[in-house]
Amino acid sequence: MMSQSDVTRIRFASVCPPAAACHVAVRRYAPETLPPPHTHDFAEVFWIEQGTGLHDHGGVERRFGPGTLVFVAPEDVHAFAADSSRGFRIVNVAFPVPTWRYLVRRYLGRSGDWLAREASARTFALEPAELEDVRRAARELLDGGRDRFALERFLMNLVHLVRDRAPVGAGQHIPPWLRHAAVRIERRHRLRAQP
């Protein structure tokens with residue numbers, strides 16, 4: 001467990017140019033180049049492209065590998081450890097909290113606000129095809145598009161992709177196809193029940 005004195009606080013203004021709506025980074029981390037335990041005044045989502053390791057998020061340590069996707073809320077404390085000297089490759093999208101709050105109010109509602117959930121409920125394991133969907137959704141950002149329109153389109157596509165998924169650790173004994181089917185059936189039931 002990290003102590004608060006070991007934690008670096010990162011500010012959005014220090015990572016994102018003033019004209020951009022988000023910061024996007026693709027990095028390879030080896031054990032000797034890992035970022036220190038940190039928190040920030042912005043939200044972020046990241047996914048693992050290659051490699052394996054550990055992510056300490058809100059005091060819960062989880063193993064990660066390719067396809068791990070994590071929503072990180074502002075003020076969350078998190079840190080990484082690499083499994084091997086080869087490290088891991090990560091894609092990170094950092095964005096301001098007001099952008100997320102707007103999407104929650106406009107489209108998602110309280111139940112769709114991943115950032116309001118416990119840190120342990122914001123880690124998802126994507127299948128290879130789903131990871132490819134995330135890459136496609138992020139293509140505009142990765143190619144340099146950093147305006148609010150590109151950011152919001154990416155976030156909405158991402159939310160659409162994971163909204164039917166259970167976070168890592170929730171119902172792991174249930175096959176993914178059955179979890180998806182149950183969520184879809186419940187959603188249709190609620191829609192029919194509306195006057």
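The second largest pocket is lined by 17 residues, of which Arg-27, Tyr-29, His-38, Glu-44 and Asn-92 lie nearest its centre. A pocket here is an open set of points on a 1 Å grid over the protein atoms alone, with protein on both sides within 12 Å along at least five of seven lines; lining residues have an atom within 4 Å of a point. The elements contributing two or more residues to this lining are β2, β3 (38-40), β4, β8 (78-82) and β9, and β2 gives the most, with four residues.

The model is predicted: local features need pLDDT of at least 70, side-chain atom pairs count only at pLDDT 80 or more, and totals for chains, interfaces and linings use all residues. Residues are numbered from 1 along each chain as its sequence is written, and side-chain values use heavy atoms, with hydrogens and water left out.

The structure also holds one cavity of 30 Å³ or more. A cavity is a set of points on the same grid where a 1.4 Å probe fits but cannot get out. Grid points are joined across faces, edges and corners, and a volume is the space filled by probe spheres set on the points. Residues lining the largest cavity include His-55, His-57, Arg-62, Arg-63, Val-70 and Thr-123. Two or more lining residues come from each of β5 (53-57), β6 (60-64) and β7.

| Space | Volume | Element giving the most to the lining |
|---|---|---|
| Second largest pocket | About 260 Å³ | β2, four residues |
| Largest cavity | About 70 Å³ | β6, four residues |

Several of these strands belong to an open sheet of five, in the order β2-β9-β4-β7-β10, with antiparallel pairing. Because β2 (23-29) and β10 (123-125) stand at the edges, each with a single partner strand, one side of each is left without a neighbour in the sheet. The twist averages 15° from one strand to the next. Helices (H or I, at least four residues) and strands (E, at least two) are DSSP runs numbered from the N terminus, and two strands pair if DSSP finds at least two bridges between them.

Strand β9 (residues 88-95) pairs with β4 (residues 43-51) in the antiparallel sense over eight bridges, and with β2 in the antiparallel sense over seven bridges. Phe-88 in β9 stands opposite Tyr-29 and also opposite Gly-51, while Arg-89 in β9 is the bridge partner of Gln-50. Seven of the eight residues of β9 are buried, where buried means under 20% relative accessible area, exposed over 50% and partly exposed in between (1.4 Å probe, protein chains only).

Helix α3 (residues 128-142) lies across β2, β4, β7 (68-72), β9 and β10, and runs at about 120° to β4. Axes are lines fitted to C-alpha atoms, for helices over the stretch in contact, and angles run from 0 to 180 degrees between N-to-C directions.

Helix α4 (residues 148-162) has 15 residues and reaches 21 Å from its first C-alpha to its last, close to the 21 Å expected at 1.5 Å a residue; the expected span is 1.5 Å times one less than the number of residues. Its buried residues include Leu-151, Phe-154, Leu-155, Leu-158 and Val-162. An α-helix has 3.6 residues a turn, so residues three or four places apart point the same way. The buried residues of α4 pack against β4, β7, β9, α2 (97-108), β10 and α3, with contact meaning heavy atoms within 4.5 Å.

Tyr-107 is placed in helix α2 and is partly exposed, with a relative accessible area of 48%. The C-alpha atoms of Tyr-107 and Met-156 are separated by 8.8 Å, although these residues are 49 apart along the chain.
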